[in-house]
Amino acid sequence: MDNTGSLFLPSPHSTMAGDVDALFNFIYISSAILLALVTAAIIFFIVRYRRRGVATTTSGVDHNLTVEIVWTVIPTIVVFIIFAWGFKDFIRLHVAPGQSMQVKVTGQKWFWSFDYLEGVSSVNELVVPVDKPVKLLMSSRDVIHSFYVPNFRIKNDVLPNRYSSVWFEATDTGSYNLFCTEYCGTKHSEMIGKVRVVTTAQYTEWIEKASGPAPGESIADYGAKLYQQKACITCHSVDGKAGTGPSFKGIFGHNAELEAGGSVLVDENYIRESILEPKAKVVKGYQPVMPTYQGLLKDKQIDALVEYIKSLE
Ligand code: CUA
């Protein structure tokens with residue numbers, strides 16, 4: 001991460017950062033000008049109307065229409081400018097562009113988890129491609145948390161029992177701090193993470209790698225998980241009962257009669273073919289109704305399903 005931040009703001013790395021900073025600077029500078037004017041007036045009045053010798057009565061002036069109009073109208077205009085400007089950016093920050101990729105964000109005591117549409121998940125590290133709008137769909141498992149990435153200028157509450165949403169488009173690769181900014185209990189200050197912005201190629205590679213078995217999980221157990229996650233379970237039982245498709249129990253290594261006549265040895269290649277081209281060799285007694293899983297399963301996942309079926313003796 002570079003260090004081009006100012007005294008007040010960390011370095012900007014999202015498409016919205018420039019607009020947020022411009023509004024921040026406008027409010028900051030107009031407040032500073034107002035502070036200078038009020039302070040100057042106070043000092044001027046202290047000197048001009050300080051007590052000199054014997055007390056005299058004041059002139060009895062109780063108002064000045066011109067001055068009152070000036071100090072009412074000018075600040076009102078400034079406040080309306082801030083409102084309109086802030087409202088416009090607020091809406092922009094909360095309505096994600098149509099082509100955004102979506103990540104589900106879950107906050108809980110005291111960590112963040114991220115679920116990607118590719119079916120993988122990560123904890124305390126959000127990985128996103130650069131130059132791509134990312135919509136975060138967020139909710140909490142317990143109390144109110146708040147998702148804050150200073151470099152992207154986004155901050156949004158994360159609530160239980162309700163979705164909230166914010167989006168960003170990172171403009172530079174790198175690793176950026178993520179904080180929880182809603183006091184959520186003893187380890188609130190440790191509820192921190194990173195947003196890692198990578199190239200599109202690195203992102204694809206990361207998804208590929210992340211979609212493997214959990215650490216310590218056997219490949220067959222991973223296959224058992226996929227059997228449920230990918231809905232194989234809807235049509236294929238593992239207890240020998242015929243469903244819409246044949247049961248997986250005890251088929252590996254045996255011959256299967258085919259609807260088109262003849263038979264086939266149920267081995268790794270046949271299972272793989274049946275997943276990717278289900279209509280190629282339909283088992284006798286079943287309809288060719290299975291959809292192809294081409295593009296829906298990674299090679300590693302097909303391997304895991306094969307191992308799972310092998311394990312069902
Ligand atoms: Cu979660 Cu503070």
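Predicted model: local features only at pLDDT ≥ 70, side-chain atom pairs only at ≥ 80, totals over all residues.
Residues are numbered from 1 along each chain as its sequence is written, and side-chain values use heavy atoms, leaving out hydrogens and water.

**Stop 1: α5 and α6.** Select residues 268-276 for α5 and 299-311 for α6; their axes come within 10 Å and cross at roughly 125°. (Axes are lines fitted to C-alpha atoms, for helices over the stretch in contact, with angles from 0 to 180 degrees between N-to-C directions; helices are DSSP runs of H or I with at least four residues, strands are E runs of at least two, and both are numbered from the N terminus.) This crossing is right-handed, meaning that the near helix is turned clockwise from the far one by less than a right angle. Now show side chains: Glu-268, Ile-271, Arg-272, Ile-275 and Leu-276 of α5 meet Asp-299, Ile-302, Leu-305, Val-306, Ile-309 and Lys-310 of α6, where contact means heavy atoms within 4.5 Å. That contact has 7 nonpolar, no polar and 4 charged residues (Ala, Val, Leu, Ile, Met, Phe, Trp, Tyr, Cys and Pro count as nonpolar, Asp, Glu, Lys and Arg as charged, the others, Gly among them, as polar).

**Stop 2: α1 and α2.** Jump to residues 17-48 (α1) and 65-94 (α2), whose axes come within 11 Å and cross at roughly 160°. That makes α1 roughly antiparallel to α2. Here the crossing is left-handed. From α1, pick residues including Leu-23, Phe-26 and Ile-27; from α2, the contact includes Ile-81, Ile-82 and Trp-85. By type, the contact residues are 9 nonpolar, 2 polar and 3 charged.

**Stop 3: two loops.** Which bond joins Lys-109 and Trp-110? It's a cis peptide bond, with omega about -10°. You'll find Trp-110 in the loop between β1 (101-108) and β2 (111-116). Next, select Asp-131, in the loop between β4 (125-129) and β5 (133-140). Its phi is near 55°, a positive value in a residue other than glycine.

**Last stop: back to α5.** This helix gives 4 residues to the lining of the largest pocket, the largest share. β11 (255-257), α5 and α6 are the elements that give two or more residues to that lining.

Terms used. Parallel < 35°, antiparallel > 145°, perpendicular 65-115°, else oblique.
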